[in-house]
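Welcome! Here is a short briefing to read alongside the sequence and the 3D view.

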Amino acid sequence: MSGLFDLVVNNPLLLAEAALNGLLLGGVLALLALGLNLIFGVLDIVWIVYVDLAMLCMYLIYFTVQVYHWPLLAGAAAGIALGVVLGVAVHLLIITPILGSPPVNQLLATGGLLFFIQSLATFLWTTDHRSVRLTLPTIEVAGMFVSFARLIAFGLATGGLLFFIQSLATFLWTTDHRSVRLTLPTIEVAGMFVSFARLIAFGLAVLVMVGLYLFLTRTYIGTAIRAVSQDRGAMSLMGASPQRIYTVTSAVGGALAGVAAALLIIQYSVHPYFGAAFGPITFMICVLGGLGNMFGAFVASFIMSEIISIGGVAWSTEMGYVIAFALFIVLMFIRPGGIFAKRQ
Amino acid sequence: MTRRAIGIAVLVAIALLPFVPMGGMRQYVLHVVIQIFIWSFIGNAWSLMGRFGLVSLGHGAFLGVGAYTTTLLWNFYGLTPWIGVFVAMAAAVVLALIVAYPCSRFGIIGHYFGLVTLAVGEVIRLLLIAERDWTGGSLGLTLKTAGDASFKAIQYADKRVFYYGSFVIWIFGLWVWHRLDRSMARAAMEAIGEDETAAASVGIHVSRFKLAITSLSAALTALGGVAYAQYIAYVNPETLAGVGVSLRIVFAVVLGGMYSLLGPTVGTALTISLSEYLRVKFGVHFIGMAETIYGLVLVVFIIFLPTGISGSLRGLFVRRRATTPAPARA
């Protein structure tokens with residue numbers, strides 16, 4: 001515990017920075033988790049390959065933007081389109097033939113696809129790290145590196161956010177300024193570093209989530225998707241075609257992978273093992289939030305990202321993940337239905 | 001009678017393999033076969049659980065615990081792996097119980113069990129990296145050398161020693177599988193795999209059977225990990241723990257067929273031979289090609305031959321011989 005204690009007592013600014021970065025990472029994880037969770041909730045199948053699909057979209061965006069010099073938005077649109085195609089393809093080619101087999105076989109089939117995509121990416125594009133980076137200047141304010149653009153963007157990003165996140169962000173934002181002035185004479189302040197790319201990603205992630213929420217609650221097909229996730233059998237009795245809904249769900253899930261890819265590529269480099277790095281944590285978030293529970297997955301993303309971020313600063317990156325995974329295991333035992341499930 | 005004769009002939013052929021004149025190829029052939037033996041044994045250990053619906057995606061954890069326990073005990077305390085292997089197996093069993101008891105107690109089955117074990121595998125891998133002061137982090141750890149031939153350290157420059165050693169371990173794994181297959185425990189475990197509540201209602205002690213089978217599987221996996229570490233004389237968190245290796249074990253078994261005795265061996269032999277063949281054929285130019293083909297084959301198999309190569313072949317023979325169809329297995 002000494003690492004965390006040190007951080008809280010001696011370096012509150014670093015802690016605040018870690019928390020803020022965790023919040024921003026949470027936005028991206030939430031986006032990945034939402035798409036997976038949608039599929040998970042409706043089809044009751046774990047697409048182990050999900051993050052690898054996002055990785056393929058990242059490669060597409062990388063090549064269109066960096067090699068063919070498309071505008072970033074066009075690249076992102078292409079990425080999302082690829083996501084839709086991949087989602088539908090996985091569903092029709094791999095899931096449909098084995099819909100009736102045990103869940104474990106379905107999980108392994110998508111796992112085999114994971115191997116295929118990972119190795120194909122290594123084969124085609126080698127293990128080089130590739131990224132589309134947005135470079136933005138930072139301004140030094142009294143020993144602290146802060147960019148006003150970042151802060152403004154952060155304020156904008158939080159605009160579309162749920163109330164509690166917004167207040168938390170504003171809280172952090174103001175403490176940041178205060179702590180600079182108050183602690184400057186006594187502690188050598190390293191300054192808070194928040195990446196602008198992450199802020200944009202976070203803001204857009206929130207917007208997409210709101211869009212998904214509206215899609216699921218306000219449209220006919222969205223309502224049907226939610227209905228299937230609640231009761232599969234009853235749905236076909238009502239005259240709806242589950243097969244069509246599965247396909248639409250897979251397409252939407254794939255599109256979300258594309259959106260996540262567009263937001264990930266501006267802050268992380270893409271490499272064939274990207275899926276392996278983000279995959280496990282994404283499944284944990286889905287399960288932790290509760291199968292098909294969008295709000296649960298959203299909150300779980302932030303819990304996990306904060307643990308990873310603060311744990312990473314307090315001890316080491318690996319320990320951050322260790323704590324997050326251990327927490328997942330323990331919570332699975334205590335609340336198998338997710339953190340928001342009612343006790344049986 | 002004929003089956004026994006074929007079996008004995010195969011065993012004799014395996015036993016004589018190191019004496020076949022192969023010129024410069026001998027070391028290489030032995031190396032490939034040793035790997036097949038060790039990974040088949042590990043796959044076998046996994047399938048003890050996997051065939052009853054306890055699909056673990058974190059067997060890398062037991063592999064890592066096993067390999068690192070003996071290696072650290074040898075490197076830092078000079079404890080011979082002959083004793084270390086028992087410590088390693090005990091450690092793996094303790095870990096298995098820590099995970100399996102709550103899983104059994106809180107009814108975590110199916111793909112939830114898979115995800116919990118996946119997390120366990122990652123925890124072990126990340127802990128091995130985080131504790132870099134002893135474990136060398138992601139750079140791995142080399143076993144302290146003890147000469148060209150040391151019985152105490154189980155280190156031999158001559159591959160034939162490891163060849164026979166891994167052969168014995170492989171046979172041992174098959175024997176355990178066979179014993180379990182013929183025991184009452186198998187019937188009980190199959191009932192549990194089908195429906196836990198129904199199994200409990202006819203008087204099967206569900207938790208006890210699940211914990212026992214998980215412990216057995218973990219202990220054997222740890223033994224496999226130790227064998228591999230001793231042979232390669234180097235341990236690394238990526239090759240011995242975490243999601244990657246865990247899935248590799250599962251896939252080899254699924255490919256070969258987890259419901260038959262030789263399934264894990266067939267699957268492992270096939271995947272290792274395929275990757276070796278492609279590696280030799282294409283050299284370093286087509287890195288990833290082997291796994292690409294492997295992944296594709298895997299998906300096709302899971303869709304079309306859910307009982308794996310070995311299981312499907314056997315199903316075919318059974319159907320031909322008798323008019324009754326092969327028992328359908330999920």
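A crossing of two helices is called left-handed if the near helix is turned anticlockwise from the far one by less than a right angle, and right-handed if clockwise. Helices here are DSSP runs (H or I, at least four residues), and strands are E runs of at least two, numbered from the N terminus. This is a predicted model: local features need pLDDT of at least 70 and side-chain atom pairs count only at pLDDT 80 or more, while totals for chains, interfaces and linings use all residues. Residues are numbered from 1 along each chain as its sequence is written, and chains are lettered from A and ligands numbered from 1 in the order in which they are written.

**A helix pair in chain B**
- The crossing of α2(B) and α7(B) is left-handed.
- The axes of α2 (residues 26-50) and α7 (residues 159-181) of chain B come within 9 Å and cross at roughly 25 degrees; axes are lines fitted to C-alpha atoms, for helices over the stretch in contact, with angles from 0 to 180 degrees between N-to-C directions.
- That angle makes α2(B) roughly parallel to α7(B) (under 35 degrees; over 145 is roughly antiparallel, 65 to 115 roughly perpendicular, and the rest oblique).
- Among the residues making the contact are F37(B) and F41(B) of α2(B), together with F167(B) and W170(B) of α7(B); residues are in contact if their C-beta atoms, placed from the backbone, lie within 7 Å.
- By class, this contact has 16 nonpolar, 6 polar and 2 charged residues (Ala, Val, Leu, Ile, Met, Phe, Trp, Tyr, Cys and Pro are nonpolar, Asp, Glu, Lys and Arg charged, and the others, Gly among them, polar).

**A helix pair in chain A**
- Helix α3 (residues 50-67) and helix α11 (residues 242-265) of chain A have axes that come within 8 Å and cross at roughly 55 degrees.
- This makes α3(A) oblique to α11(A), and the crossing is right-handed.
- The contact includes L53(A) and C57(A) of α3(A), and A257(A) and A261(A) of α11(A).
- Its residues divide into 13 nonpolar, 2 polar and no charged.

**Where the chains meet**
- On chain A, 38 residues are in contact with 40 residues of chain B.
- Helix α5(A) gives the largest share of chain A's side, 15 residues.
- That side has 30 nonpolar, 7 polar and 1 charged residues.

**A buried helix in chain B**
- In α5(B), 18 of the 21 residues are buried, so this helix is largely enclosed by the rest of the structure (buried means 20 or more other C-beta atoms within 10 Å of a residue's own, exposed 12 or fewer, and partly exposed in between, with C-beta atoms placed from the backbone).

How values were computed: Contact = placed C-beta atoms within 7 Å.
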